Each structure stands twice: as C-alpha cells, then as structure tokens.
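Dear colleague,

I am handing over the structure shown below. My findings follow it, and I would be grateful if you read them with the model open beside you.

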Amino acid sequence: MIKHLRSAADLDADTAILILDTAAEMAALAGREVKKLPTLRGRTVVNLFYEDSTRTRISFEAAAKRLSADVINFSAKGSSVSKGESLKDTALTLQAMGADAVVIRHPASGAPHRLSSWIDGSVINAGDGTHEHPTQALLDAYTMRSRLGRLDGLNVTIVGDVLHSRVARSNVLLLSTLGAKVTLVGPPTLIPVDIAAALSPGTKVSYDLDSVLPDADVVMMLRVQTERMQDSYFPSAREYSRRYGLDLPRMRKLPEHAIVMHPGPMNRGMEIAPEVADSPRSTIVEQVANGVSARMAVLYLLLGGK
Amino acid sequence: MAYPRADAHQGTGRGKTVLTASDLQRVVDRIAHQILEKTSGATGTVLLGIPTRGVPLARRLATRIHAFEHIDVPVGALDITLYRDDLRLHATRALGKTEVPPGGIDGRRVVLVDDVLFSGRTVRAALDALNDIGRPSSVQLAVLVDRGHRELPIRADYVGKNIPTALTESVRVSLAEVDGGVDEVKLTGGDAS
C-alpha cells in the first residue's frame, strides 16, 4: 500500500479500486447501531487545517473517530501560526507528538509534498491551493460507481472554474486512471490552455455546455468561487449562470440515467438551480455521506498495516 | 500493483491429503446433523461464515440442513479483518464482505463457521465483530479442521476433523467455490512436504 495520499496521481487503478471496494464495506457500517470499529485504536490523526473548511474537516474527523483513532484538530486561527510559526516548525511539533497521520489543508499548492518530507507519518492531502483534493475525487468516484454501477467508459463532464479547482484536477487524474472519459467545460478564461494534455491525454475540453449534455453520464458542477468574482474571468454572475449554470431545461437534455454532482458548498441559483440541486438526480447529499466512507477507507489502508 | 488476499493459496498439488472431496462432504454432512441435534432442529439459528472459506462452508451446511430437515437457516458472512489484533504486524489487508442476514442476529443463536481453527485469534476477533452488529442469544463455533496450538481459551462446538500438526506445517483447505473446482484438505510444510 502507498504511504501518503498527496495526489490522485499517487493511485494506480488497482489501488484506487481497492480503496473504493474498502469504502463500500465501510459504508455498510453506517447502517449499524454501533458505528465504530476498533481498527485504529491508539493511532493519532491530526487534522491540520490552514484554510476554512466544514465538510472536509468534519468528514475526516468522523472517519478517524469511527475507526477509533485519536483525533487532534488544529486550525491555523488561534494557534502559533498566527504568531508566525512556519509549516516546518508546526510539522516538527506534530512529529514530536507522534502523529501517525496528518490530514492537511493548505492555501499553498504542494504543501502536503513538503510536509511529507519532514514527518514520519502518513500525509493525506485535504486540499492544497489550486492543486489537488484527492479524497474528494475518491468520494466522487465512489458515488458514481454506486449510482451507475461502473466507472470504465463513463462520460463525465466537469463544468465551471477548472482553473482554480483542485477538485477538478484530482477528478481528472483519478477518473482517467479508472477508465472514465472526462470533458472539461467552462468559459475559456477559466480553463487553462493545455490542461487536458497536461493532466491526462484522453481529456476533452469544450466551451459549450449544451452540446455535451446529451452524452454525459455524470455532470459535475464546480463552485463559482465568489472570492474570484472581482478578477473579471467572466462579465457577470448572470451571464455565467446563463451559459454555464445547470438549470431545469439543461437538466432535461441529459440522458435518463445521468446524475448531477457538486462538491459543495454550492451557490444555489448561480452554477446550479435549486430545483436541480434538490432533484432525484442530484447526489449532493449522498456525496457527503460517501465522503466519510471513502476517508475511512483511506485511513484504514494507509494506517491499518505495518 | 495487485493486492493478493492474505490467505491466497500459493500453489497446490504438494503435501499430504488429509481430507479428500468425499471425506469433506461426509464431514459437512456430519456437522450439519450435529448442528440440528445440538440446537434442537436449528430453529432461531443463523450461520455466519468467516471469509474467505468459512462463507462457502456455511452455505454448504445450510444446504445440507435443508436437505435433511427442510429448514431454511439464514446464512451470512462476517469479515473480521478490522477486528484483528495483528493488523500492525502485516501489510494492510483487503477487507472481505460482511453480510448480516435479514432479521439480524439479535436474540438468535449464531453459529460461526470457519475452515481452520488454529490460534483462536480469528474467533476472538469474530466475537468482537459480533458484539458490534447485535446481541445473539448464544454463539457457537463450527470448524472444518482443528489443528491445535491454541493461544486463547477458545474451543469449537463442532469439529470436522482434528489434525495434530507441527507449527512448521500448514493446513491448506481448498473449496470448489473459491479454489477452482477442487475440494480437499492438505497438510504442507514441515515433514509432510
């Protein structure tokens, strides 16, 4: 088994499938009265969060606790980081405390890679800058697999701010490894030139959402990051929404079986219409539940052995 | 990179055969009869196989019990990997399937089924796992082979065959369902190889 999960590219097809299969077994646990396993008793998992996050942090915390690991939550606010401590010194502190795994979210792309060279434990990337968010990709793949029964050959359309999206990057890498065909859709200002070739050669790019919907098995809407609205990547929120938002008429263009995903938090009425977000095709709530199972699988496979 | 199951067989053919296919069938028949006898007709009883080979064994027992007395005994699977006490001594293990039969195990008599009883640690883990999915009225243990060398105070209620072994030997159980059409039990390693 691999030691760290820093990038979705760390996973080959066998390892990724093993994680998804393990997640399926972990999911069965959610229906039980006692939702706890003794597996990681005595192991320490540190949640090291330099950026705000609700669902990812809580999801990792729930996952670690269900496996009986001790969880230490560290957020940059109210810690020595606000006094100017560097990532390296924080890492050495965690190392001295005997952290078996560090789950890190950091605004700088590549922070998990640096961290993994300073500590002995496993490093799990929970989102680094505009780089990657591999456990999100795993829970997305798990959700597609459980709804549609397969990943190989699926047409997955990822729509929105690909430029700043770590979710998109990790998903392209993982889904390509697992045999799905990814199409990136968005305004030309938000899709980097050559990104498709750089991430995975089979990936396609389109600037016209309506033309790709009839062939999509999965549509994944990315959040429009309002903090970037001032940077004039697109003329106005309304225009973005008109061209790239998923509303009811657009959803009707999808094949009967297609599902709609969103990593959250979503801007209702912007990239996704409320009626679409609440429709039976939407897997948004399911994705949150699946996140705990997928992260349990990752923690078990990274920490459960020698 | 492939992840073989921890109990995958490494080659067959070598070693001394201790149970042939027909022996194995007779042993399963006898255990089925014993379960019927000891549980007064197997009512309120659930068979839970421990993956990998305990599961097909549990299914066979249920089939034989049905053939003898026309009783349908619920069969399930109980994976114990996450409850093992030796997880840190080995590379990470892939998980097996856990399937609790409809109706659960609360208030029922659970018969755990496994292929080989050795140190008893698997059974201890299984008892912990059971504890988390319900509260059976009682728990019994059926094994195809008891090879001795217990490390915990655990014994089986139903034993197919007692095989005295040396620690250097290993008992290889092959079942048609998971091992490609062969039913047999072999002793390999030590003096037998």
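**Chain A**

In chain A, 76% of the contacts with a separation of 6 or more are between residues 24 or more positions apart. Please bear in mind throughout that this is a predicted model. Chain A holds twelve helices and nine strands. Its radius of gyration is 19 Å, close to the 19 Å given by the globule rule for 306 residues, so chain A is as compact as a globular protein of that length. Taken along the principal axes, its C-alpha atoms fill a box of roughly 55 × 45 × 35 Å. Buried residues account for 48% of the 306 in this chain.

In strand 3 of chain A, both faces are covered. A:Ala101, A:Val103 and A:Arg105 are buried on one side, and A:Val102, A:Ile104 and A:His106 are buried on the other.

Which strands pair with strand 3 of chain A? Strand 1 (residues 44–49) of chain A runs parallel to strand 3 and is joined to it by five bridges. In this pairing A:Leu48 stands opposite A:Ile104. Strand 4 (residues 122–128) of chain A is also parallel to strand 3, again with five bridges, and here A:Val103 stands opposite A:Ile124.

A cis peptide bond, with omega about -10 degrees, joins A:Gly264 and A:Pro265. A:Pro265 belongs to the loop between strand 9 (259–261) and helix 11 (274–277) of chain A. The other loop, between helix 2 (55–66) and strand 2 (70–75) of chain A, contains A:Ser68. Phi of A:Ser68 is near 70 degrees, a positive value in a residue other than glycine. A:Ser68 has 15 C-beta neighbours inside 10 Å and therefore counts as partly exposed.

**Chain B**

Chain B has a mean pLDDT of 91, and 92% of its residues reach 70 or more. It contains four helices and eight strands, which run β-α-β-α-β-β-α-β-β-β-α-β from the N terminus on. The radius of gyration of chain B is 16 Å, which agrees with the value near 16 Å for a compact globule of 193 residues. The C-alpha trace of chain B spans about 45 × 40 × 35 Å along its principal axes. Of the 193 residues of chain B, 42% are buried. Among its contacts between residues at least 6 apart in sequence, 70% join residues at least 24 apart.

Five strands of chain B form an open sheet with parallel pairing, in the order 3-2-4-5-6. Strand 3 (75–77) and strand 6 (158–162) of chain B stand at the edges; each has a single partner strand, so one side of each is left without a neighbour in the sheet. On average, neighbouring strands of this sheet are turned by 25 degrees against each other, direction ignored. Within the sheet, strand 2 (residues 45–49) and strand 4 (residues 109–117) of chain B pair in the parallel sense over five bridges, and B:Gly49 stands opposite B:Val113.

Helix 1 (residues 21–38) of chain B packs on this sheet, where it touches strand 4, strand 5 (138–146) and strand 6 of chain B. Its direction makes about 150 degrees with that of strand 6. Helix 2 (residues 54–69) of chain B lies across strands 2, 3, 4 and 5 of chain B and runs at about 150 degrees to strand 2.

Between helix 1 and strand 2 of chain B lies B:Ser40, whose phi is near 50 degrees, a positive value in a residue other than glycine. Is B:Ser40 buried or exposed? With 9 C-beta neighbours inside 10 Å, B:Ser40 counts as exposed. In the loop between strand 2 and helix 2 of chain B is B:Thr52, which a cis peptide bond joins to B:Pro51, with omega about 5 degrees.

**The two chains together**

The predictor gives the complex an ipTM of 0.83 and a pTM of 0.91. At the interface, 17 residues of chain B are in contact with 17 residues of chain A. The side of chain B that touches chain A has eleven nonpolar, three polar and three charged residues.

With kind regards

Key. Residues numbered from 1 in each chain as written. Chains lettered and ligands numbered in written order. Predicted model: local features only at pLDDT ≥ 70, side-chain atom pairs only at ≥ 80, totals over all residues. pLDDT = per-residue confidence, 0-100. Contact = placed C-beta atoms within 7 Å. Nonpolar A, V, L, I, M, F, W, Y, C, P; charged D, E, K, R; others polar. Helix = DSSP H or I, 4+ residues; strand = E, 2+ residues; numbered from the N terminus. Rg over C-alpha atoms; globule rule 2.2 N^0.38 Å. Buried ≥ 20, exposed ≤ 12 C-beta atoms within 10 Å, placed from the backbone. Pairing = 2+ DSSP bridges. Axes fitted to C-alpha atoms, helices over the stretch in contact; angles between N-to-C directions.
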